[in-house]
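Thanks for coming, everyone. Please bring up the sequence and the model side by side, and follow along as I talk.

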Amino acid sequence: MHEQKYRWKSKKLREHVAVVDGKKAPSIILTNATYLNVHLKAWLQATIWIYEDRIIYVGDNMPENTEQTEVVDCTNQYLVPGYIEPHVHPFQLYNPLSFAQYASKSGTTTFVNDNLMLILQLTKKKAFSFIEEMNKTAATMYWWCRFDAQTEIQQEDAIFSTPAMKEWLNHPSVLQGGELTAWPKLMAGDDLLLHWVQEAKVRNKPVEGHFPGASEKTLTKMKLLGIDSDHEAMTGADVEKRIKQGYTAALRYSSIRPDLPVMLEELEKSGIHYYDQTFFTTDGSTPRFYENGVIDRTLAIALDKGVPEIEAYRMASFNVAKHFQMEDLHGSIAPGRIANINFLADMGNPVPASVLSKGQWIKKDREPIQDAFPAMNWEKAGLEPLKLDWDLTIDDLQFSMALGMEMMNEVIIKPYSITCDVSGDTLSEKHDQSFLMLIDRAGNWRVNTIIKGFGSHVQGFASSYSNTGDIVLIGKRKDDMMKAFQHMKAIGGGMVLVEDEQVVCDIPLPIGGGMSKEPLEDLIEQETALRNHLFARGYGFNDPIYTLLFLSSTHLPYIRITPRGIYDVMNKTVLFPSIMR
């Protein structure tokens, strides 16, 4: 059973009404407040009463009972609803809690999170316990229900089964189905996927697509099959095409697709000034991309590109809440809503001076509240440091395949014919071909090939961060690859760069082998150092972290290294199966 079906139980609701009647005092009163009324699309004056985590009253009156109430004068401030990030991948080296803690300081206090890592690495019972622990934090966290693994894994049918999908969709913290990276299967006639889409819809939960470069015909078919939104628009024309067909279109600004400025410019030129079916997302960017903020950063771009202030703030809050059918709780400053409020010094500057989340101060007068987020017991949640009870041997590092993987950019990989001698223990630094291995975190299987484009001087690199949670090894020298693996194992998981058998750089990831315990500010420094080391060794693209994540991701062309083997995405076949150890 889920811990709590309703947001507030009946007794608590009666307390809320008692505040209006003067029988109980509000926790906080905001006086002289100029606030954005998202329903009227207007800035209004009001006094706002908050009791614990809920807005009780918005109007002209002061409460009769103010015993032990905190009174805040909001003169010369502008209050807007807390920002909502509708499409979060909260496992990109950071963890859901550290990301929420960081993002909330700049006003993003509600998150709709990917559940892929939870469904792949935890039992359903542990995953649901984790979700309920996250509900106790100062942030508001919701989740997706993935319908596919985004790669080729063993025993996928057992993990993504109809009973499991129904249990996830029934969870009150799960707001949507998707994102649906397996939409080609749905298009091709997979009735099981279609059934899960229908199960989401019958529960009034939207389904999110994943349609990069989709034609009008494809979008039409997906709409007929029940898909409601898509975050893969890359141009203003893409956004227009989606809105015309009734989709909600996410306007993305991410580390590998920073398209928002161009999309807004193109929409402006096309004469489209309709924003009700759009909202912002940063699409699970890697840590360094967040140096300048989260949804507040997308807001700043929108305001700079001429989006009217009221429309921009609605896109960051109310539009998201309306899409997920939770506008009774989120997206506005009105009675009954969760008390998520950002206090701005200037309408044109979306970075708040103060932040309320669930009625708690996250930041006040520009100073973060240090104890707003308690520590998390990750081991109790089932996300322990990586414990490998097996060792890598030189026999594992055998590379005899004629077909390799060539990087076209951070995430697009094509097959190519290997042109170097791979029979020795080292590869020349005169070219950019490197050894590549994906090895089961349980030590049962391995896949060995050559990758072209990751760098010309990366001697040994190991990562327990990957799409599947398995181990990635890359390098020119087998001895350094072995050393990187050994160090990664010793620190309980992480990313390790080795040269001449010395550790050059590492990022410990002790939470399940894929996430850091460090605050995001510190993690940004660690990631920046690793990026710079990889750039200096010939990595020629922008985001090596996403490269590691997407090596196994079969929603992208053309070839991938997966637990089942080297996989041809376009033809949906395993070219070379994984080898049992």
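Let me start with a question: does Lys478 count as buried or exposed? Keep in mind that buried means under 20% relative accessible area. Lys478 has 3% relative accessibility, so it counts as buried. You will find Lys478 in helix α15, which covers residues 478-490. What is Lys478 in contact with, leaving aside its neighbours within four places in sequence? The list is Ile394, Leu397, Phe399, Gly424, Asp425 and Phe435.

Now the overall picture. This is a predicted model, so please keep that in mind throughout. The protein has 17 helices and 29 strands. Its C-alpha trace spans about 80 × 50 × 45 Å along the principal axes. For 581 residues, a compact globule would have a radius of gyration near 25 Å. The protein has 25 Å, which agrees.

How much of the protein is buried? Buried residues make up 61% of the 581. Next, contacts along the sequence. Take those between residues at least 6 apart: 67% of them join residues at least 24 apart.

Look at Leu93, in the loop between β6 (83-88) and α2 (96-104). Leu93 and Leu523 are 430 residues apart in sequence. In space, their C-alpha atoms are 8.0 Å apart. Leu523 is also on the contact list of Leu93. That list, which leaves aside neighbours within four places, includes Pro287, Tyr465, Met495 and Ile545 as well. Leu93 has a relative accessible area of 0%, so it is buried.

Leu93 has something else to show. Most residues other than glycine have a negative phi. Phi of Leu93 is positive, near 75°, and Leu93 is not a glycine. Gln325 is another non-glycine residue with a positive phi, about 55°. Gln325 sits in the loop between α14 and β14. With a relative accessible area of 48%, Gln325 is partly exposed.

Is His330 buried or exposed? At 2% relative accessibility, His330 counts as buried. Leaving aside neighbours within four places, its contacts include Ile84, Thr110, Thr140 and Tyr142. Ala321, Arg337, Ile338 and Asn340 are also in contact with His330. For a sense of distance, His330 and Pro90 are 240 residues apart in sequence and 20 Å apart in space, C-alpha to C-alpha.

In α9, the buried residues are Thr218, Leu219 and Met222. Seen down the axis of α9, they fall within an arc of 100°, so they line one face of the helix. The face turned away from that buried side carries exposed residues: Glu216, Lys217 and Leu224. What covers the buried residues of α9? The cover includes α7 (183-187) and α10. After α9 comes Gly226, with a positive phi near 110°.

Now α10 itself, residues 236-244. Its buried residues are Gly236, Asp238, Val239, Arg242 and Ile243. Down the axis of α10 these fall within an arc of 160°, so they too line one face of the helix. They pack against α9 (216-224), β11 (229-230), β12 (248-252), α11 (260-270) and β13 (278-281). Just after α10, Gly246 has a positive phi of about 90°.

Last item: the backbone. Most peptide bonds are trans. Which bonds are cis here? The bond from Gly178 to Glu179 is cis, with omega near 5°. Glu179 lies in strand β9, residues 174-180. The bond from Pro557 to Tyr558 is cis too, with omega near 0°. Tyr558 is in the loop between α17 (544-550) and β26 (559-562).

That is my tour. Let's take questions.

How values were computed: Residues numbered from 1 in each chain as written. Predicted model: local features only at pLDDT ≥ 70, side-chain atom pairs only at ≥ 80, totals over all residues. Heavy atoms only, no water. Helix = DSSP H or I, 4+ residues; strand = E, 2+ residues; numbered from the N terminus. Rg over C-alpha atoms; globule rule 2.2 N^0.38 Å. Buried < 20%, exposed > 50% of the residue type's maximum accessible area, 1.4 Å probe, protein only. Contact = heavy atoms within 4.5 Å. Arc of directions from axis to C-beta.
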